[in-house]
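The sequence and structure come first.

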Amino acid sequence: MNTRLTDALAVFLPKLTTPLTSFTAPSGHCFYPDNQEGTASFFTDPAVKEYHLINNTTDLNYVKSEIETNGIGAGQSLVDTRSGERHDWDGSTWTIVPGTLDSYFRPGRFCFSPITAKVFHRDLNGVVRQLLS
Amino acid sequence: MVLLEAIRPITPLAVAEDDAEVTTLKGSQTRFIDARDSTVWRYENSTWTNSPYDGTEDFLRPQTLCFSPTSGKLYYFNAALELVSVNLTTNTTAP
């Protein structure tokens with residue numbers, strides 16, 4: 001048995017011997033339904049993630065304004081899909097946190113942005129597109 | 001053992017937004033949801049009944065998208081069990 005197959009069995013055998021209702025993803029080794037390897041179990045991920053995602057400057061300013069003025073409150077964050085930067089609101093100022101989109105929006109998934117009511121899809125190449133009519 | 005399956009991100013389900021659409025859908029569907037209050041209409045035993053939907057049935061799960069094949073509209077069914085119409089335009093309404 002080659003090493004690659006052994007590694008694969010080591011990942012999947014615990015799934016077969018553990019009731020799925022109590023399954024915990026092995027740290028660092030789990031496969032999404034789209035066969036992408038990741039670090040979290042798709043069993044615990046919502047099918048569609050809800051997060052403040054924006055893809056243009058108009059929406060960036062709009063979402064920030066809504067968070068600041070409409071009582072949505074401190075502790076809110078938004079992510080700019082163009083840069084992967086996260087903008088955190090502490091109730092008085094915005095802080096930009098550098099990062100990558102992978103931390104918030106995995107390939108093969110949909111995301112609903114609640115303030116703009118827009119839906120985005122990220123393809124397996126990492127390209128983000130808004131669903132349009 | 002309960003076999004868990006990945007929840008479909010988009011599910012097809014007819015959606016009504018007003019009383020006229022409720023009446024129309026009763027003529028063509030056996031199950032649909034009213035977006036105003038998230039109640040589900042069901043036609044069973046020759047009778048229409050409606051009740052608040054708790055999100056526990058496979059035909060529509062919370063945190064998924066709902067595509068209404070009768071209207072062509074797309075909705076997001078959030079964790080609070082509300083159907084939110086998806087904005088499919090590039091524009092965003094200014095505050």
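Does B:Glu57 count as buried, partly exposed or exposed, and at what relative accessibility? In this predicted model, B:Glu57 counts as partly exposed, at 29% relative accessibility. Its salt-bridge partner is B:Arg42, with N and O 2.6 Å apart. B:Arg42 lies in strand 4 (residues 39–44) of chain B, and B:Glu57 lies in the loop between strand 5 (47–52) and strand 6 (64–68), so the pair ties together parts that are 15 residues apart in sequence. B:Arg42 is buried, with a relative accessible area of 16%. Also in chain B, B:Asp19, B:Asp34 and B:Arg36 are joined into one network by salt bridges that share partners.

**Chain B as a whole**

Chain B has one helix and eight strands, in the order β-β-α-β-β-β-β-β-β along the sequence. Its C-alpha atoms fill a box of roughly 50 × 45 × 20 Å along the principal axes. Of its 95 residues, 36% count as buried. The accessible surface comes to about 5,400 Å², and 51% of that belongs to carbon and sulfur atoms. There are 7 positive and 12 negative side chains in chain B, and the centres of the two sets lie 3 Å apart.

**Salt bridges**

Over all chains, the whole structure holds 10 salt bridges. Three of them are listed here, including two in chain A.

| Pair | N to O distance |
|---|---|
| A:Asp88 and A:Arg86 | 2.7 Å |
| A:Arg129 and A:Asp123 | 2.9 Å |
| B:Arg42 and B:Glu57 | 2.6 Å |

In chain A, A:Asp88 is buried at 19% relative accessibility, and A:Arg86 is partly exposed at 22%. A:Asp123 is buried at 14%, while A:Arg129 is partly exposed at 48%.

Technical notes. Residues are numbered from 1 along each chain as its sequence is written. Chains are lettered from A and ligands numbered from 1 in the order in which they are written. This is a predicted model: local features need pLDDT of at least 70, side-chain atom pairs count only at pLDDT 80 or more; totals for chains, interfaces and linings use all residues. Side-chain values use heavy atoms; hydrogens and water are left out. Helices (H or I, at least four residues) and strands (E, at least two) are DSSP runs, numbered from the N terminus. Buried means under 20% relative accessible area, exposed over 50%, partly exposed in between (1.4 Å probe, protein chains only). Accessible areas come from the Shrake-Rupley method with a 1.4 Å probe; for residues, only the protein chains shown count as cover. Lys and Arg count as positive and Asp and Glu as negative; His and the chain ends are not counted. The place of a charge is taken as NZ of Lys, CZ of Arg, CG of Asp or CD of Glu. A salt bridge is a side-chain nitrogen of Lys or Arg within 4 Å of a carboxyl oxygen of Asp or Glu.
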